[in-house]
Amino acid sequence: MPLGERLCRSALAIWRWAFPPRVETPPELVSVLQAVYPRLDLARVTFHLGMPHLLSLGRYQAITLPSTFGLRRVGIYVRRRSFQARSVSGLGILVHEAFHALQIQDSAGGWGLGLVRPFPVLYLACAAANRFLYDGHPIETDAYEHAGQRASRFDRALRDCAVAGEVPALVVEKTVVEQAAAGLAIHASGLAFWAKAWASAGLGAIGRLFSWGRRAGQRPALRPWIVLGGLLWLPLAALGALWLVLWLALWTAATAILWGVKILVEALLAAIAGVLYGAGTVLRGLGSRSTADG
């Protein structure tokens, strides 16, 4: 193969590694997601075949990330071998990742800039509290309760319809719609941002106290006691609130650093791909000219 052609192919391979190609969402998957997550704005969710650059070195089957410069857009990246919209396990992975998209949307409406938005900050804070272990991460636990594992509600709903692990598209669509009508549909992810934030900072008791106070405050007879209790607990609550602010600020900074690294990596890979493709194009042009002259 001529050198120019090899350079162009290498450039395209690097580009695809940096920016996994977007794939059109299969119609049956759209129907499933609309039935299971009626409030998820699918117009802002894209699916990509492959894991982006350095994340492909990990063992993830799929990952959901806000777009690098988007304000509300979310990308779901799935390894080629795991993008199977007609198998129970493959569909479970896709629905699991879509649950993360719903969590992002439910956190401040999904607004932010790149990775700097409430959901990634909370995800890192909870990961730190869980010693950066995947198993037991509270946000992942919520998602797996719904889809992505054999014991998940969504996966159990489809397993009886499967034949050798395969689910015909029409059966998937019909079954999921029926199950959604029976209670499978999720209108909100139940992210509970502040409850998880308090817990991640080691202040779950204070967070529960605040939640109880809000609920009890709706009963007029309890309001005087709530005010008195609040005065007694005010110094402790103030210290807890200060620590929570510092804790979230720390992970906001970490998220911003990760975003910066992501931008630098993608810019570097794009530049390398551009240089290689340009050089390859020039060499191909020179080769074509010399062949014509000969």
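A: Aspartate 41 is partly exposed, at 28% relative accessibility. (Buried means under 20% relative accessible area, exposed over 50%, and partly exposed in between, with a 1.4 Å probe and protein chains only.) Its partner is arginine 44: the two side chains meet in a salt bridge, 3.1 Å from N to O. Arginine 44 is partly exposed as well, at 31%. A salt bridge here is a side-chain nitrogen of Lys or Arg within 4 Å of a carboxyl oxygen of Asp or Glu.

This is a predicted model, where local features need pLDDT of at least 70, side-chain atom pairs count only at pLDDT 80 or more, and totals for chains, interfaces and linings use all residues. Residues are numbered from 1 along each chain as its sequence is written, and side-chain values use heavy atoms, leaving out hydrogens and water.

The whole structure holds six salt bridges. One of them joins arginine 284 to glutamate 5, with the closest N and O atoms 3.1 Å apart. Arginine 284 sits in helix H10 (residues 223–293) and glutamate 5 in helix H1 (residues 3–18), so this pair ties together parts 279 residues apart in sequence. Helices are DSSP runs (H or I, at least four residues), numbered from the N terminus. Arginine 284 is partly exposed at 31%. Glutamate 5 is partly exposed at 23%. Glu5, Arg284 and Arg9 are linked in a salt-bridge network.

Now to a pair within H10. Glutamate 266 and lysine 262 meet in a salt bridge of 2.8 Å, N to O. They are four residues apart in H10, about one helical turn. Glutamate 266 is buried, at 7%. Lysine 262 is buried too, at 11%.

How values were computed:
Helix = DSSP H or I, 4+ residues; strand = E, 2+ residues; numbered from the N terminus.
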